[in-house]
Amino acid sequence: MAIFHPVAEKDVTRAIVRSFLRQFEEYTESDVIIVGGGPSGLMAGRGLAQQGIKVLIVERNNYLGGGFWIGGYFMNKLTIRAPAQEVLDELGVPHEKAGEGLYVADAPHACSRLIASACDEGVKFLSLTILEDVILREDNRMAGIVVNWSPITHLPKEIAALDPVPLEAKIVIDATGHDASVVKKLEQRGLIKTKGEGALWIEGSEDAVVERTGEVYPGLIVTGMAVATVHGLPRMGPTFGAMLLSGKRAAENAIQIMQKEE
Ligand code: 48F
C-alpha cells in the first residue's frame with residue numbers, strides 16, 4: 001500500500017509552471033519593487049505588505065536573507081542594539097542580553113523568522129533574478145526595473161545574449177546592501193553621485209543609516225547598507241538593528257510618497 005496519492009510527473013511540472021506564471025503575470029506591475037532580500041529589504045517588504053501594499057522582492061541568489069543568515073564572521077550569531085531588540089520580540093526571536101543595550105541572537109533563527117513573517121504578510125519573491133537596469137520615463141522618474149536570470153551573468157556574452165524583462169512599480173527600493181546596485185544604474189548615467197561607504201564605526205553608523213534612509217531620486221528609496229554607500233556613512237559590521245529599523249523606515253517613506261502622489 002503506497003503512502004502517497006498517485007500523481008504524474010507532468011502534473012507536478014504543470015502545478016509549478018501555472019502557479020509561477022499566474023504570480024509572475026500579476027507582479028509585472030507592483031506598487032513597490034524591492035531589490036535585495038537581506039534584512040533591510042525583508043523588513044521593508046514586511047512593513048509594506050502589512051499595510052496591504054502589493055510588494056515584490058527581487059533577489060539574485062537562490063536564498064533570501066543576505067548577510068542576516070550568518071551574522072558575524074562564521075559564527076551564526078548576530079548582535080542588536082537597543083531599541084531594535086523590540087523587532088526581535090515582534091518576530092518571536094529569542095535573544096540574550098550581552099551587555100547594557102546590547103543583545104545577541106542566533107542568526108538563522110532571526111533570519112528564518114523574518115523571512116516567514118514577510119511571507120505571512122503577503123510579500124512575493126523572484127529569486128535567482130538580478131537587477132540589470134532601471135526604467136525611466138519622460139520625466140526621468142523611476143518607473144520600475146529590468147531584470148534577468150542571475151546565472152546568465154556567469155556565462156560568456158556570446159552565448160548569453162538574453163534580453164532582460166521589465167517590471168513596473170510606483171516605487172523602487174534599493175536594498176542591495178554595500179553594492180547599492182540600483183543607485184549605481186543612475187550614477188552610470190550621471191543622474192546621482194554616490195560617496196562610497198566609510199570605514200567601520202558602529203556608534204556612528206547605525207543612527208546615521210536609519211536617519212538617512214529615504215528617497216534619493218524621484219521614485220527611488222534606499223535602505224540598509226546601500227544608505228551608507230550612497231551617503232558616505234561608516235559601515236557597521238555584525239550589528240543589525242539599523243538594518244531592521246532602516247527597512248521599517250523605508251516602508252513608511254514609500255507609503256508617504258504613494259499617498260502624496262495619489
Ligand atoms: O547584503 P544584505 O544583507 O544587505 P542589507 O539588508 O544588510 C546588510 C547586512 O547584512 C550587513 C551589514 C550590517 O549589519 O553590514 O552586511 O543592507 O542583502 C542584500 C541582498 O541584495 C541582494 C544580495 O544577494 C543580498 O541578498 N542583491 C545585491 N545586488 C543585487 C541583489 C542585484 N543586483 N540584484 C538582485 N539582488
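A: Buried means under 20% relative accessible area, exposed means over 50%, and partly exposed lies in between (1.4 Å probe, protein chains only). This is a predicted model: local features need pLDDT of at least 70, side-chain atom pairs count only at pLDDT 80 or more, and totals for chains, interfaces and linings use all residues. Residues are numbered from 1 along each chain as its sequence is written, and side-chain values use heavy atoms, without hydrogens or water.

Side chains of opposite charge can pair when their charged atoms come close. Here a salt bridge is a side-chain nitrogen of Lys or Arg within 4 Å of a carboxyl oxygen of Asp or Glu. The whole structure has 13 of them.

Start with Lys 77 and Asp 106. Their side chains meet in a salt bridge at 2.6 Å, N to O. Lys 77 sits in strand E3 and Asp 106 in strand E5, 29 residues apart. (Helices, H or I with at least four residues, and strands, E with at least two, are DSSP runs numbered from the N terminus.) Lys 77 is partly exposed, at 43% relative accessible area. Asp 106 is partly exposed too, at 36%.

What kind of sheet holds E3 and E5? It is an open sheet of 3 strands, in the order E3-E5-E4, with antiparallel pairing. Two strands pair if DSSP finds at least two bridges between them. Strands E3 (77-81) and E4 (96-99) stand at the edges, each with a single partner strand, so one side of each has no neighbour in the sheet. E3 pairs with E5 (residues 102-106) over 5 bridges. Within that pairing, Leu 78 stands opposite Ala 105.

Now look to either side of E3. Tyr 73 is exposed, at 64% relative accessibility. The peptide bond from Ala 82 to Pro 83 is cis, with omega near 10°. Most residues other than glycine have a negative phi, and most peptide bonds are trans.

Next comes Glu 168 with Arg 137. The closest N and O atoms of this salt bridge are 3.3 Å apart. Glu 168 lies in strand E9 (residues 165-174) and Arg 137 in the loop between E7 and strand E8 (142-149), so the pair ties together parts that are 31 residues apart in sequence. Glu 168 is partly exposed, with a relative accessible area of 33%. For Arg 137 the value is 38%, partly exposed as well.

The loop between E7 and E8 also holds Arg 141. Arg 141 forms a salt bridge with Glu 261, the closest N and O atoms being 2.9 Å apart. Glu 261 is in helix H8, and the pair is 120 residues apart. Is Arg 141 buried or exposed? At 16% relative accessibility, Arg 141 counts as buried.

Some salt bridges share partners. Such bridges join Arg 46, Glu 90 and Lys 248 into one network.

Last, the other end of E7. Leu 128 lies in the loop between strand E6 (124-126) and strand E7 (129-136). Leu 128 has a positive phi, near 50°, and is not a glycine. Leu 128 is partly exposed, at 31% relative accessible area.
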